[in-house]
Amino acid sequence: MSAEILEPRRRPTQERSQRKFDLLLQVSRELLLEVGFESFTCEEVAHRADLPIGTLYQFFANKYVIVCELDRRDAVAVREELAEFVGEIPTLDWLRFLDRLVDHMAALWVDDPSRRAVWHAVQSTPATRATAALTEREFAAEVSKVLAPLTPGTPRERRRIMAEVLVHVTYSMLNFSVRDGQGHSEAVIELKRLLAAYLLAGEQA
């Protein structure tokens, strides 16, 4: 049996509701980074947002839905960054493209430490993991499109699988790179080596 995909109970359709929705997510992100997922509660989110708990529950059934929505928003932001980055650097030199893209994404993780907190939170249950995996696959579909002109010798289906592997490995390594006591730049160098070797092997297969 497949795990449930966690979505908000409803998404706002009016500006006032959108402001409340966005505020709850922003406060949730700050609280998650401050106290960690185990101590994170919907009641504290509503309190810090100065909103009735009922307002929170109109949108989110529980804290698991909240962190999945935060993960979804992080992925959307990365997809937008990827699209902008691709538009700025039209090149068929995929090794150079990969090098610059990884540097660009790594900066996002350094600039926003909440990304790691969100990523760890969505590993907590089968439903949150399944939801995060779906979000990753949607992002990977965009990566697969980017890879198409850079890896013309790779069949489409294999490129799709490769994109999913690349996204998962990149997310895992970037979150690893910003943990306490870890050398970020060294981890990023290793990530580039992993990805380059994987793409080269894929083209030669």
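Modeller: A nonpolar core is a set of buried Ala, Val, Leu, Ile, Met, Phe, Trp, Tyr and Cys residues joined through side-chain atoms within 4.5 Å. Buried means under 20% relative accessible area, exposed over 50%, and partly exposed in between (1.4 Å probe, protein chains only). This is a predicted model, in which local features need pLDDT of at least 70 and side-chain atom pairs count only at pLDDT 80 or more, while totals for chains, interfaces and linings use all residues. Residues are numbered from 1 along each chain as its sequence is written, and side-chain values use heavy atoms, with hydrogens and water left out.

Biologist: Which residues touch the most other members of the largest nonpolar core?

Modeller: V78, M105, W109, F139, V143 and Y171 do, in a core of 30 residues. Two or more residues come from each of α4 (63-88), α5 (94-111), α7 (126-150), α8 (156-177) and α9 (184-204); helices here are DSSP runs (H or I, at least four residues), numbered from the N terminus. The most come from α5, which gives 8. A separate second core has 28 residues, F21, L32, L51 and A121 among them.

Biologist: What is Y171 in contact with, neighbours within four places in sequence aside?

Modeller: Y171 is in contact (heavy atoms within 4.5 Å) with A75, V78, W109, W119, E136 and F139.

Biologist: What makes V118 count as buried?

Modeller: Its relative accessibility is 1%, and the limit is under 20%, so V118 counts as buried. V118 lies in helix α6 (residues 114-121). Apart from neighbours within four places in sequence, it is in contact with R29, L32, V67, L70, D71 and D74.

Biologist: Why is α6 called largely enclosed?

Modeller: Because 6 of its 8 residues are buried, α6 is largely enclosed by the rest of the structure. The buried ones are S114, R115, A117, V118, W119 and A121.

Biologist: Is D50 buried or exposed, and how do you know that?

Modeller: D50 has 68% relative accessibility against a cut-off of over 50%, so it counts as exposed. D50 sits in the loop between α2 (42-49) and α3 (53-59). Its phi is near 60°, a positive value in a residue other than glycine.

Biologist: How do you know that the span of α1 is close to the expected one?

Modeller: The expected span is 1.5 Å times one less than the number of residues. Helix α1 (residues 15-35) has 21 residues, with 30 Å expected, and its first and last C-alpha atoms are 30 Å apart. Its buried residues include F21, L24, L25, L31 and L32. Just after α1, G36 has a positive phi of about 85°.

Biologist: Why are α6 and α8 called oblique to each other?

Modeller: Their axes, lines fitted to C-alpha atoms over the stretch in contact with angles from 0 to 180 degrees between N-to-C directions, come within 10 Å and cross at roughly 120°. Roughly parallel is under 35 degrees, roughly antiparallel over 145, roughly perpendicular 65 to 115, and the rest oblique. α6 and α8 are therefore oblique. Their crossing is left-handed. R115, R116 and W119 of α6 make the contact with Y171, S172 and N175 of α8.

Definitions and conventions: Left-handed = near helix turned anticlockwise from the far one by under 90°.
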